[in-house]
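Open the model in your viewer and keep the selection panel at hand.

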Amino acid sequence: MKKITKKDLAALLRFIGENEALYIPGRVSGQTNYVRYNENTDVDLDTLKTVKSAKEVFFPQSETLYTVKTEDGKYRISQEELQNEEFVLFGVKACDMKGIEVLDKVFLSEPVDTFYKARREKGTIVTMACGEPEESCFCKVFGIDCAEPQGDVTLWNFGNEYFWKANTEKGEALTEKCSSFLKDGDEATVDAIKNAIRTVVEKLPYMNLSLEGWDGTKTEEKFNSPVWEELYKPCLACGTCTFVCPTCQCYDIKDYNTGKGVQRYRCWDSCMYSDFTMMAHGNNRTSQLQRYRQRFMHKLVYFPANNDGMYSCVGCGRCVDKCPASTNIVKVIKAFQKEGK
Amino acid sequence: MSMNTEFKPKIVAFCCNWCSYAGADLAGSSRLAYPADVKIIRVPCSCRVNPMFILRAFEKGADGVIICGCHPGDCHYSTGNYYARRRMTLLFSMLDYMGIERGRTRVEWVSAAEGVKFSNTMNEFVDAVRTLGPNKRLGDLRCKD
Amino acid sequence: MHGIGVFVCHCGSNIAATVDVKKVVEMARLEPGVVHAEEYQYMCSEAGQERIATAIREKNLKGIVVCSCSPRMHEATFRKCAEKAGLNPYMVEIANLREQCSWIHKDIEEGTEKAVILARAAIAKVSLNTSLLPGESRVTKRALVIGGGIAGIQTALDIADAGYEVDIVEKTPSIGGKMAQLDKTFPTLDCSACILTPKMVDAAAHERINLYTYSEIEKVSGFVGDFTVDIRKKARYVNMDKCTGCGVCMEKCPSKKALSEFNSGLNNRPAIYTPFAQAIPNVPVIDPTQCTKLKTGKCGICERFCQAGAIDYTQKDEIVTRKYGAIVVATGFEIIKLDNLEEYAYSQSKDVITSLELERIMNAAGPTKGHLERLSDGKAPKNIVFVQCVGSRCDESKGKPYCSKICCMYTAKHAMLIRDKYPDVNVTVFYIDVRTPGKNFDEFYRRAVEEYGVNYVKGQVGKVAPQPDGSLLVHGVDLLDGKQLKISADMVVLAAAVEPSPSVRKIATMLTASIDTNNFLTEAHPKLRPVESPTAGVFLSGICQGPKDIPETVSQAGAAAVKVVGLLAKDKLLTNPCTAKPDELMCNGCGSCANVCPYGAISYEVKEINDHGIRENRRVAVVNSALCQGCGACTVTCPSGTMDLQGFSNRQILAEVDAICR
Amino acid sequence: MKELLQDGTVNRVLGWKKGDLPYNPEPAFFKSAEELDEFIYDGFCGANLSKYMIAASALEGKTLVLLKPCDSYSFVQLMKEHRVDREKAYIIGVGCKGKLDIERIKAEGVKGIESISGAEIDGDCSTLKIGTIYGEKEVAYKDAMLERCHVCKGKEHRIYDELMLESADTLDSGRFEAVEAIENMTPEQKFAFFKNELSKCIRCNACRNVCPACSCRKCVFDSTKFDSAQKANVDEFEEKMFHIIRAFHVAGRCTDCGECSRVCPQGIPLHLFNRKFIKDINEYYGEYQAGNNVEDETPLTDFTFDDLEPGERR
């Protein structure tokens, strides 16, 4: 167990940022998101949730896959290079960390997504325990302990200090590299911090949310339930929930004509959009009800059914905070609870 | 100044078929030179010019976009240029509001008889865009390399 | 699209001198979809067209790009050529390498680079072209002639003689126009009225000509072959059917203060009047601004004296709606206002007059019964100075930049007539140039100088100064002698510039016919289509298109008539297929597009739409392609992009943008 | 409402349903009197229900809809564009004392909210008492209001069948102040300002989808007609294009309801685009308020012969 005083943190970040890429919550025009650190970055480790989750560091909203150019009437294809630079992702909360594990299930199983894999290999994740969880948080429902997030290094915020614990080899390496900034810390204080956090978590309004019945079975019953018919109605079919979600992993592949050639790129897509799954013959989901249902069925039924019971929701509550129509996964779970299904 | 002489701006000129395109033809047959940087796209009327076309030109690397139509009152379709005038007024104002240099966009009314005006307008516009230099504020970086 | 052919024209050396044609061909070959590219000396020639046709057939081309002169020149030519070879004519695009490239650039490298880009844009566009089929529209076999002067009369007579109905709309109470005001005509010196009035009578008597005098065009809609026109028949307050034209009313009318328009305001006319004795129709009108009865309700003398009972103070303007296949504009001219040319003292002295006023003074039916006299004191003038180019060939702040064309000849005519009738009067003419291009024109001018002793001075008049004794001191310069001149005159005649009738602006707007900076109507082509307006179905006759004398006007009138007859002879016209086309699946039915459509071509219908399996009734836009003229206003107003324009589609234009910015 | 539903005047009620947190009521259709037990109307019912009336117009029978004064402008504008059917709507114009912005409350450092009182519509709406797991907090109602309420268009409904509840004056700043502040910047500052703001955009389309004016069946940004279906923020141009065109497409039709700014997950002041067009339209073509009535010609489908020339300033 190590620790670093808060006033030394800036120097530490500068140190890391000088040697490798550092992604950290930073404020731009009033909003906190993961940004690539530079000297002008307005680092913000106090905001509980970044607007977009940490997933974008490994799975960017858009990325070029390859480029085709014509030269003298002939086509030339150049593959986009994989991540080859080491980097540190700093300040990830337990829910986002779990989100990355969900993405790992998708992108690291066969066929492996090489772009994602390269980033995972080059990245060291520094997580951070949640100091003050908020009312929209329900990570505990999914068995996540926000007092003790995983990752390569874990930090705990306490008074003027951050406690620092390496969990993995990568974490040890980072700790070693940063050793000049770190002092020894005691486990006991950290245990106290954890307990304090866990006590707060118990008080959160969503703690009693029950996942009973969402065990990857009763697929058809859920699918055909009349509950959806009312639930979907406020949905505006925007992609906010999808884009702030730490586990949504769907993407579209598109071509961009640069005039000098074509860039094939992929970008996040949302199952809420009417052109999601649009194919030459049309769309197999023709109504918003179907799209809305798909999102939650995927997170709570299909994904656990295919991944040993792992839900693709981590209870971060971003969709609860951000949905323009105040509909969200919690309301879905509660609605089914109420119907007794 | 040496910068300016080297910089060859990309200029897209939307010209209505009835007046301005004919005005450009007249400039041509009268041998009234203007810079080769200007490339004309023929549209039936200035009201056919969608703001998306203008933004698209900038996206793909244009340094300036000019729209030419019949003089107000002379539109071949009677009223097209009046609509174009309002649309472009608002669009240009918005671009200005967002910090895009005002000199990169322009609307000019050029009749079929105004070869001289066409040529002068293009000369002036290209000069203005040259002074501003390459368009860096409203373009897609993917098209730059 | 695969299967594009590119044809690059040298246009002799017009293109080839500044554009490396071979390079353009070479670069075009590298463009996606291009399977054939070649060059030729003159693509528009028969041999050139044959090459295109052969390539289309042999290489099974799906679209072609001709890199040549302006599409305004030869687009139609190449479309026909493609059609003959079995390709849809709308699969042709033109890259304008002549007017917009080779002719304006000197540097070959620069010109070639631009030519390549222009070709590229056309290739990008053609690859998104779709085959289009023209629709058909009917032709209303009736023509409208706007203006009843000599131009309008002649056009109407020629059309009517060919067997078609014609309506003439004249804004004054009588046909005849400016020619009726003239005394004699050059270069033959025959009497204007003697040659005009028979034509007026012919027009009035013609079974296929219908006159709307004292009427104006109110509204025009429709398009070539099918115009709908609202004509405002102004209230005459005289029943045309009852009036016998006896003229008693005019004699008896107590209100005689109005200035006679026909006599250029030199004398008065009654409130009820015909403009001149030979007016056609010979039915007076009551000028409501002058008539005591209409203004105050008291009087009614004319009504009392009218034996025919034709006076009707309750008459109202009437709107007549008629359909026409073709419209001829023959709105004629006015003399410019001389307000900006105060140096000639026109407003200061009654003895400074315009040439048109002189016509009336010289005319036996005019205010002075044809006696040449000063308007100030009625004395016979001894010294007359004519000033040419008053407001013509002039700085635009004061007058007109163009030559009015007729002044040299009519000034010579006036000078000659005065010297003939009053040999003791000295006549001096100040001129910049004497322009006499016309049959027997120069001979005529030389007679004025040589036989009649008119004193021609090359030079301009700087000032006309009215003297206390009533004479006029003319300050001029003799450029040939290099001397300042001061000539004392009793009368100064100004050859004021002509300008298109002010009413033409409004009419042009209604007809969507274009107008140049001097308000002359623009012809479709200055050399090859001089009597057609760029707006299909609208033709030009007389001075509305540019200054002309009578013989030229009459010949243009005939030419316009032939064009009209050519049009009316057809039963159906092919319509431009480049019209707006909505995508019903996307349409919101919001109504914006119809709001901006100048032709009322868009309406809304509730239709059952099958949107990917979901059937529902939706309000959607429907375009009447016979009415749509393809301006594209709707395409931009439509927020969802439902409306697109065939031939200039969003994707086609964007492809051009992309190709240019590449 | 219950009566109208019971006597068959209306087939359903479109209103707001209690949320599961003190501040997240959702738009909902109520089909029976008992469902209406879950109805709520308080300071957090900011959602403009007009847009839901497009779908409701296709349903059988009448829908009772609750519209705040500013929502009623949107409804009229939609009527003008033939998107909603007046005959299918029974409009209750509800009073409004300013709507609350939970983001503003959170920005005051309020976390772990358990309860909020003071947002009730029949209260005096002066102070919000907020119970959190970290203790009690107080926030002035005014400081928690949405931006749009500070520039309120007024208490009058443009259309209604019945009126309910009192409104309060909430207008306390100039509608165009923020726009003017940007106009007065140097081009570099303007550029930097918008670059910063738009860099946050995640192209989630919430602004578009919530907008009553952006109600196209198929948005240009979703269609292939302009090759503009770029849902990703690949390059900063994409967001500029999107937001300029979005604002342009609603120019003259935008009632300034402020929903776009309310829903932006990244807090981008999107109303600054729309309001710039509104300000320009007012200055160049005369005062115009979209949704005022169905008769007025929309500024961009209208003209006068002596309109301003592009690039000119009056």
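Select chain D. Of its contacts with a separation of 6 or more, 68% join residues 24 or more positions apart. Two residues are in contact if their C-beta atoms, placed from the backbone, lie within 7 Å. This is a predicted model: local features need pLDDT of at least 70, side-chain atom pairs count only at pLDDT 80 or more, and totals for chains, interfaces and linings use all residues. Residues are numbered from 1 along each chain as its sequence is written, with chains lettered from A and ligands numbered from 1 in the order in which they are written.

Stay on chain D and switch to cartoon. Chain D has 11 helices and 8 strands. Helices (H or I, at least four residues) and strands (E, at least two) are DSSP runs, numbered from the N terminus. The radius of gyration of chain D is 20 Å, close to the 20 Å that the globule rule gives for 314 residues, so chain D is as compact as a globular protein of that length. That radius is taken over C-alpha atoms, and the rule is 2.2 Å times the number of residues to the power 0.38. Along the principal axes, the C-alpha atoms of chain D fill a box of roughly 55 × 50 × 35 Å. Buried residues make up 56% of the 314 residues. A residue is buried if 20 or more other C-beta atoms lie within 10 Å of its own, exposed if 12 or fewer, and partly exposed in between, with C-beta atoms placed from the backbone.

Next, select residues 187-203 of chain A. This is helix α6, with 17 residues. Show side chains for Val190(A), Ile197(A), Val200(A) and Val201(A), the buried residues of α6(A). Look down the axis: these buried residues fall within an arc of 105 degrees, so they line one face of the helix. The arc is that of the directions from the helix axis to the C-beta atoms.

Now show chains B and C. Here 44 residues of chain B are in contact with 44 residues of chain C. On the chain B side, α2 (20-29), β2 (38-43), α3 (51-59) and α4 (80-97) each give two or more residues. α2(B) gives the most, with 6 residues.

Last, show chains C and A. At this stop, 7 residues of chain C are in contact with 8 residues of chain A.

How values were computed:
The expected span of a helix is 1.5 Å times one less than its number of residues.
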